[in-house]
Amino acid sequence: MTELRSAVSPDGTPIGYTRTGDGPGLVIVPGNNRMAHNYARLASELADRFAVSVLERRGRGASGAQGPAYCLDREIEDVQTVQRAERARLVFGHSYGGLIALQSARTDRSLDRVAVYEPAVSLNGSFDLSFLPEFERLLAAGRHARAMALFLQRTRRTPLPDATPRFVFQVLAALMVRGKSGAEMRDLMPTTPPELSEVLRCDSDGAGYAEVTARTLLIGGTKTPTYLTGVLDPLSRIILDSHVEMLEGADHNAPDENSPHVVAECLAAFLDDEVAGSPPATPTRRRLH
């Protein structure tokens, strides 16, 4: 059974989360434009082995607003608050949630293991967010479909080829944000600029990630653009106890939309003390099935 719970972050912001399953505590940190319910299938797949808590990150659902003082430090405090409430020593982060998880692990010595799927880590300018000012202007003007089209085209998060005309992205974006079915997406879009600004602010040569002491799994999909997967190998050389695993045929939305069962299988093998051993010396691959 899934429960709705809440904890209060140090700045007084309420942070809602769902809780399901039994076993060692695992906190899931959602990505950009995602809510806790998007990870319901992943949580369900893991609930027979772990007590899974999925954050409703600030700016979403029952949690408080991002607020004018929003920064990655607030997100880190939110994650650690839920970890303490649930006595969780395992964390999984997806995309922007992966950046939060890794940044949190730099100072959190209570973590046993941290796993991330294509974290939004920018190394030496690898994350091209030059479109962000235009995105913000469109959003401020209430042009949600055009803003989303720009986001989809420039982040290359769809299976469409890079040469696809912009009007195709505009049609797809209009479908995503239209009417009642698109209300959630429209509500989430204002959280994007502050989050992407934090990705830019945290751009570095990656040396700071050497502070991560928890055993770390860096997961990627072979169908994802290389600006997201290209940071995994460099991070594995920086984080002492880490390993890369690539999922054949998976894209950036594998944890929440396309292949949660495969991601859950990968996570369980890594997070479960009874089956986890020493990480392989070289990156491994897992096929979708």
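Glycine 25 stands opposite alanine 88 in strand 5. Strands here are DSSP runs of E with at least two residues, helices are runs of H or I with at least four residues, and both are numbered from the N terminus. The model is predicted: local features need pLDDT of at least 70, side-chain atom pairs count only at pLDDT 80 or more, and totals for chains, interfaces and linings use all residues. Residues are numbered from 1 along each chain as its sequence is written, and side-chain values use heavy atoms, with hydrogens and water left out.

Five bridges join strand 3 and strand 5 in the parallel sense; two strands pair if DSSP finds at least two bridges between them. Strand 3 also runs parallel to strand 4 (residues 51–55), to which four bridges join it. Isoleucine 28 has valine 54 as its bridge partner in strand 4. Between strand 3 and strand 4 the chain passes through helix 1 (residues 40–46), in a right-handed β-α-β crossover; with the strands pointing away from the viewer, the path from the first strand over the helix to the second runs clockwise.

Histidine 94 belongs to strand 5 (residues 88–94). Histidine 94 is buried, with a relative accessible area of 2%. Leaving aside neighbours within four places in sequence, the contacts of histidine 94 (heavy atoms within 4.5 Å) include Val29, Tyr39, His252 and Asp256.

Notes
Buried means under 20% relative accessible area, exposed over 50%, partly exposed in between (1.4 Å probe, protein chains only).
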